Amino acid sequence: MTLTIAVVGAARVGKTLFCINFAEYLGARSLSYIECGSAGEGRGTLSPAAAREMMVHRGRRSGAVVRTFTVHLSPRQTWRRIALIDTASLVEKKPLTRAARTALLLTLQAIHSAAAVLQLVDLSCHDPARREFDDAVWRHLADYCREQGKLFLTAGSKADLYDGSLQAPFASTEKMVFISSLTRAGFPRLQRCLLGAVGPSAQEMK
């Protein structure tokens with residue numbers, strides 16, 4: 001039984017660091033990953049520390065890559081595995097380049113296949129254009145997930161840098177979880193929201 005979660009958001013919102021650190025928080029001592037992008041496919045297994053060094057600190061994370069991390073959980077839990085899909089960054093610029101269109105397609109496929117969708121919003125960003133873009137993404141994802149019967153959550157990332165200036169509609173969303181991938185603040189609540197709200201289907205239990 002695998003719970004698949006698509007993690008979406010704009011560039012530099014912290015999706016990769018979140019996926020690695022949340023996987024480690026859930027108990028992962030090693031991370032199996034598969035990645036897809038314009039350069040093809042790749043896979044591997046790394047420790048969380050090695051993954052942070054290679055994919056975050058060295059700047060090798062490409063916004064056009066979709067990477068899936070698989071976390072194996074305790075047999076006593078409802079879910080045996082969680083797949084965290086670190087999707088390609090959503091971009092505001094138009095028209096999209098060919099690479100950006102390919103990345104968007106991969107992200108849309110991940111959203112379609114996932115049981116849950118988690119949108120990350122950068123709480124430290126004060127750019128009005130980015131706020132408007134995040135709001136538009138939030139509305140589209142909320143409508144889509146409601147129609148498809150998927151769990152949809154919004155998490156405010158970089159909560160350690162938050163100054164209290166978040167604007168609507170996120171400010172009026174009671175279920176928004178404030179998190180910091182750096183300090184792991186908010187991870188316990190997010191775990192409860194994700195693992196407790198989605199039950200395995202008959203297909204997933206096979």
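**Figure 1. Contacts between helices α1 and α2 in the predicted model.** In this predicted model, T16, L17, I20, N21 and E24 of α1 meet P48, A51, R52, M55 and V56 of α2, contact being defined as heavy atoms within 4.5 Å. Helices (H or I, at least four residues) and strands (E, at least two) are DSSP runs numbered from the N terminus. The two helices, α1 and α2, pack at an angle of about 180°, and their axes lie 10 Å apart. Helix α1 is therefore roughly antiparallel to α2, a label given to angles over 145 degrees, whereas angles under 35 count as roughly parallel, 65 to 115 as roughly perpendicular and the rest as oblique. Axes are lines fitted to C-alpha atoms, for helices over the stretch in contact, and angles run from 0 to 180 degrees between N-to-C directions. Local features require pLDDT of at least 70 and side-chain atom pairs pLDDT 80 or more, while totals for chains, interfaces and linings use all residues. Residues are numbered from 1 along each chain as its sequence is written, and side-chain values use heavy atoms, with hydrogens and water left out.

Figure 2. An open sheet of mixed pairing is formed by 8 strands in the order β3-β2-β4-β5-β1-β6-β7-β8. Its edge strands, β3 (40-46) and β8, each pair on one side only; pairing requires at least two DSSP bridges between two strands. Helix α1 (residues 15-25) lies across β1 (2-8), β2 (31-37), β4 (66-72), β5 (81-86) and β6, and runs at about 165° to β5. Helix α2 (residues 48-57) lies across β2, β3 and β4, at about 140° to β3.

**Figure 3. Pairing of strands β6 and β7.** Residues 116-122 (β6) and 151-157 (β7) pair in the parallel sense over 7 bridges. Within this pairing, V117 stands opposite F152 of β7.

Figure 4. The loop between β8 (177-178) and α5 (187-197) contains S180. With a relative accessible area of 1%, S180 is buried; buried means under 20%, exposed over 50% and partly exposed in between (1.4 Å probe, protein chains only). Residues up to four places away in sequence aside, S180 touches K158, A159, D160, A185 and F187. The side chains of S180 and D160 make a polar contact at 2.9 Å. A polar contact is a pair of N or O atoms within 3.5 Å; within protein, one must be able to donate a hydrogen and the other to accept it, and residues adjacent in sequence count only if both atoms are side-chain atoms.
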